[in-house]
Amino acid sequence: MHDDEMNQNDGGDKILREENSVNLDVAKAVVITGVEPFTLSKKFTLNDNGELEKSNGGNLITGNYDVKEVPDPASLTDLFKSLRHFHATTYGLPKKEYYSGMMVCKALEQKGLLTRTRENFAFPSGPAWMMFDIDMQNISMDQLKEHFKEAIPGFEQAPAVFKHSSSAYIYNGDECLIGDKGKRVYVLVKNGQDIVRAAKAIADRLKIQGTLYYDVSKAGSLLERCLIDEAVYQPERLDFSGSCLCVQPLRQKRPEPEIQNNDAPPFDTKDAVLDLDDQEQKILEMMRGTAKEKVKDQVIEIRGKWIETCIEVREKKSSKKFSSDEKARLRAELQETANQKILHENFILHSERHGQVTVGELLKDPERWHGKRFADPLEPDYNNDSRIATAYLKDEERPSIWSFAHGGQRFWLTIQKKTLKYKTGGYPALVKDCMNILKDSGVVYQKDKELVRVSNGQIYPVTEPWLRNRLDTCVCFKKEKVTNDGTEYLTKDCPGEIPKRILAAVGEWPFFELDKIVDLPVMREDGSILGEPGYDPGTKLILLSGTCHEVMEKVPENPTNDDVKKALERIWAPFQLFPFKDPIDIGVFLSVILTIPVRSSLTKAPGCLFRAPVYGSGKSKLAESIGEMTNKPYALLPWPNYQEEQRKATTAELRRGPEVLIFDNLIGTWSSPDLAKIFTTGLHSDRILGKTEMVDFKIRSMIMGTGNNVTVDGDLARRIMPCELDPQAERPDKLEFPFDPVYETRNNVLQMRADVLTVLRAFIKAGRPRNTKDSFGSFEQWDGLVRQAVCWIAKNKFFPVDIGDPYESINSNFQEDPGTKKLRAFLYNFYKKFQDNPFTVREVVAASAPMDAGFQSSDGYEEIDNCYAILWDIAGQGKTLNTRMLGKWLSKNTNRIIDDMKIVKSPMRNGISTYSLVLTKSSGLSGLSGSNPDRSEKKIENNYSEDDWNLTHQTHQTHYNHSVESEIKRWGEADHGFDL
């Protein structure tokens, strides 16, 4: 049977307007109906000479969309039969549960209307349709199936649809003008979020089967191809799955789609489609080399023609005839352009609005040309699109142009070499000139007393060989030679002494200081936003992403309260199903989110610990989702067991300068003097592994940890904000999210960055109101910008749920800190014995002697005096208490206030140190001394547990069953938040 499609709307799209119901377990497709333009697919007509003419459909400006349930191949086939030339489909779904409505292009974005952009579409985490676009000609449907069976184990059992493309089988009467052309394969897969990965793996396996080949572009560039089109796996990508528009007498007569395994369950690509292993990768690389060799002569021929055409265009623009030497130089330059994507000073570009312009003209006026649109540099007529490329004249390494033609490629802009003449004894001046040339190139920077270079978005140390090669690239060295005939200058390679002298000139470098490279706009500490690509002297950051303008377009200049609420709703959406324990934990989470776009400009910021009582609660997933918000790779590593290894790991990772560093799956107590210093100073100094030299560098990373029931000890306690997750389930790892937060964050990162900046900008515009009387010590900058913003949000109820002050989370660290627990227990239990009278170390030991000197009974347990248990935990050694250890502990903890009590040093007695326990003036705890009759009659339960004692012995582990009732008669039943 064939489909005989009509050229007008005969009501065939009525099926598309049926009401949808939400079902997360059923695959869906989005059907788009064109409004402007009406026709979306290709159009075929006959001209006056009876020849077939083809025109592409228009780019969608406005249309209507409906989300349709298509649970099996039969329903998808029925859907395809109903589609016309004014229809298209996507297999990614709107992220918000909108099942019908109006769709507009990005330029017409309005509130409440859906745009077909990555931020609004995503492949679902459940069943989905995976589409394969088959452009390879002369392949039958049966051959196609065999290729898929060989590349995908188990494919013959998968539910699938095989269909001819929308522009196949065009007839004029009985004459076939276009026959079997492209094809489509649609596979129902179990998890749509694996589509992108699986597509790459399938393409690689199809290439190994022998479908790998190379097309040659008009400029002689190699374009890798295989059986399937690898560029169609975006969730918002349109599939013109309906018919084309045939103007009479033309008609389209395609075979009906073929159905495979209609009742089979969705295909699990994660199990069936494996990535290539190392051996397979080597085989593929060998095949690529062979395939390139086959088209080598074709590349040479096409590239040669392209080069000669470029020279002719250049001659016309210059209005003069080039000499043979000039043509030879141009050929060399153009060959370099084709091979290495380098555009030289005189290379002609075709701008969107200003005609032809040379690379040199762009570089002389970067402010004018930055961000402007151009045709593809090598193929200006590509798709007749004069906006396909964008100039980035303040980019990460050097000025460049990014073109989306042929899948996307970057072209580097360069100028001719500078000539430097020198003579014997002229090295100092030559070194200075070379450094200035390197500075102007925008590649070399100084970072923490080290010379570095920027390449492909990464920071690398400058080495002597690289520096010499770089200078040879941009400088023509000419050395003076005096002869009997006069003075001449001989061209030389870069003198070896020059790189050495440049590297040694620490403190004299003219280069800009660099702290970090970021991919997305950053808010400075003063509230302004770094939103233009390039180097920013104020923050010492390089912003290199070409998407920054897209982010900044979404940030209102003067955000309203409604803007803030909507931004926070979008921020909360990927995280709302995490089991945060209480509002303070949500406040901590939000403070981390708001820290991400400001961390690179702040000297210091506190860290965060995501913890839960049980495995599988989502701690790591939450941390990784936050890491995705940087749009850069984040560091994820285990926490080593030993302090030396901890220091090495911390140095190695932080020296790379990640925006987010996650220590995953911490165990027990998190304590680190090195990390505590990093948080306090924002600096780190260490020896480079394998070398004797020391490095000093700034820390601009958001540091996080994850773990189950982890406590924070020592100086880290006031620098790490704990965020509790409590799923209230025995096996939370069995619970499933309806979506993947990591995937959602990664694919919506531009909108999320814009939303966070919107919230922070609104807080700045509101005057940075302070909603707390205290300040987060050591982190005053962060407190004023981030913490106060969270408190402002909470006060005004802008967030979708209740949130608390993130600083309050620090209290739990002090409550759980083992050192704090010991000190609190000592203060409470020994005040009843000594009141405020001075005592010596030996008097403390004597006053807490166990009730039975044989403190271990035959069954391993003995009820002992509580004070002795406390001292044993502090200074137990062997079978006795170490008085020297106890004395050091008392001295270390003097003047530290716990619950309005503290230890103070008293006058020495006969040359022996004495101590006293005192109440602070603000405490009002005089009842402890019995002076307040009412309070002296009250009691408080002693909660110093056997786990907290942690008593050890060389030959025994003694467990104490404690049931001693405290004799402090002050607080009674009041809850003062301590845990002895």
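At 24% relative accessibility, K540 counts as partly exposed, a class that lies between buried (under 20% relative accessible area) and exposed (over 50%), as judged with a 1.4 Å probe and protein chains only. K540 is located in the loop between β37 (534-536) and β38 (541-543), and K540 has a positive phi of about 60° although it is not a glycine. Strands (E, at least two residues) and helices (H or I, at least four) are DSSP runs, numbered from the N terminus. The model is a predicted one, in which local features need pLDDT of at least 70 and side-chain atom pairs count only at pLDDT 80 or more, whereas totals for chains, interfaces and linings use all residues. Residues are numbered from 1 along each chain as its sequence is written, and side-chain values use heavy atoms, with hydrogens and water left out.

A positive phi of about 60° is also found at K341, again not a glycine. This residue occupies the loop between α7 (324-340) and β21 (342-343), and K341 counts as buried because its relative accessibility is 17%. Most residues other than glycine have a negative phi, and most peptide bonds are trans. One joins E36 and P37, with omega about -5°, and P37 belongs to the loop between β2 (28-36) and β3 (43-46). Another runs from Q248 to P249, with omega near 15°; P249 lies in the loop between β18 (245-246) and β19 (250-255).

In the chain as a whole, 28 helices and 51 strands are present. Of its 980 residues, 51% count as buried. Among contacts (heavy atoms within 4.5 Å) between residues at least 6 apart in sequence, 73% join residues at least 24 apart.

An open sheet is formed by five strands in the order β40-β41-β45-β39-β47, with parallel pairing; two strands pair if DSSP finds at least two bridges between them. β40 (635-638) and β47 (720-724) stand at the edges with a single partner strand each, so one side of each is left without a neighbour in the sheet. From one strand to the next, the twist averages 20°. The parallel pairing of β40 with β41 (residues 660-666) extends over four bridges, and A635 stands opposite L661 in β41.

Helices lie across this sheet. Helix α16 (residues 619-628) lies across β39, β40, β41 and β45, and runs at about 165° to β45. Axes are lines fitted to C-alpha atoms, for helices over the stretch in contact, and angles run from 0 to 180 degrees between N-to-C directions.

A search of the whole structure finds seven cavities of 30 Å³ or more. A cavity is a set of points on a 1 Å grid over the protein atoms alone where a 1.4 Å probe fits but cannot get out, and lining residues have an atom within 4 Å of a point. The largest cavity has a volume of about 110 Å³. Of the 14 residues that line the largest cavity, Y91, F123, M131, V232 and Q234 are the closest to its centre. Strand β11 (residues 128-134) provides the largest share of this lining, three residues. Grid points are joined across faces, edges and corners, and a volume is the space filled by probe spheres set on the points.

Technical notes. On a 1 Å grid over the protein atoms alone, a cavity is a set of points where a 1.4 Å probe fits but cannot get out, and a pocket is an open set with protein on both sides within 12 Å along at least five of seven lines; lining residues have an atom within 4 Å of a point.
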